[in-house]
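I opened the notebook today to look at rings, core packing and confidence. Here is what I looked up, in the order I went.

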Amino acid sequence: MKKIICLFTFLFVEFIFAQEKTFIPAGQIALDRTTYFEFVQKKRPKTQLFLPDGKELPLKKLDSLNKTIHDQPFTTLFYADTLQNKASLVLKYLSKEDVKLRNDQFRQKQKDFEKTVEN
């Protein structure tokens, strides 16, 4: 019974957190920023860059995207396959609510920092 519950839980988690981007190469899983950068520094994987619609861009265009992506703020999602030494960056547009939340969090961190500096 425990094995069935564990299997069901594993499949449920895999289904819930399955690749929401169908254009990501098979085998790549979502990583947080820190884990992704640690992986990249150690392994130097072959990396692909995708726009939110799945269109692939040359990685060298990443720096210029901030100026040309329709003035729409975005964040980057990180994916990697450590066995095949491949990685993907996916740009995700931020909604107005996401931008407001991000700005509020930044302001709070700034206030907290200023308080520690004053003390």
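I began with Phe 50 and found it buried, because its relative accessible area is 4%, under the 20% cut-off. This is a predicted model, so I kept an eye on confidence as I went.

I counted 4 aromatic pairs. In one of them, the ring centres of Phe 23 and Phe 50 sit 5.1 Å apart with their planes at 45 degrees, so I noted the pair as tilted. Phe 23 belongs to the loop between H1 and E1, while Phe 50 is in strand E2 (residues 46-50), so the pair ties together parts 27 residues apart in sequence. Phe 23 itself is partly exposed, at 23% relative accessibility.

I then followed the other rings: Tyr 36, Phe 37 and Phe 78 are linked into a cluster by ring pairs.

Which residues make up the largest nonpolar core? I listed 12 residues, including Tyr 36, Phe 78, Phe 39 and Ala 80. Helix H2 (33-43), strand E4 (74-81) and strand E5 (86-93) each give this core at least two residues. I also looked up Ala 80: beyond its neighbours within four places in sequence, its contacts include Phe 39, Ala 87, Gly 27 and Ile 29.

Last, confidence. The protein averages a pLDDT of 79, and 75% of the residues score at least 70.

Definitions and conventions
Residues numbered from 1 in each chain as written. Predicted model: local features only at pLDDT ≥ 70, side-chain atom pairs only at ≥ 80, totals over all residues. Heavy atoms only, no water. pLDDT = per-residue confidence, 0-100. Phe/Tyr/Trp six-rings, centres within 6.5 Å; stacked < 30°, edge-to-face > 60°. Helix = DSSP H or I, 4+ residues; strand = E, 2+ residues; numbered from the N terminus. Buried < 20%, exposed > 50% of the residue type's maximum accessible area, 1.4 Å probe, protein only. Core = buried A, V, L, I, M, F, W, Y, C linked by side-chain atoms within 4.5 Å. Contact = heavy atoms within 4.5 Å.
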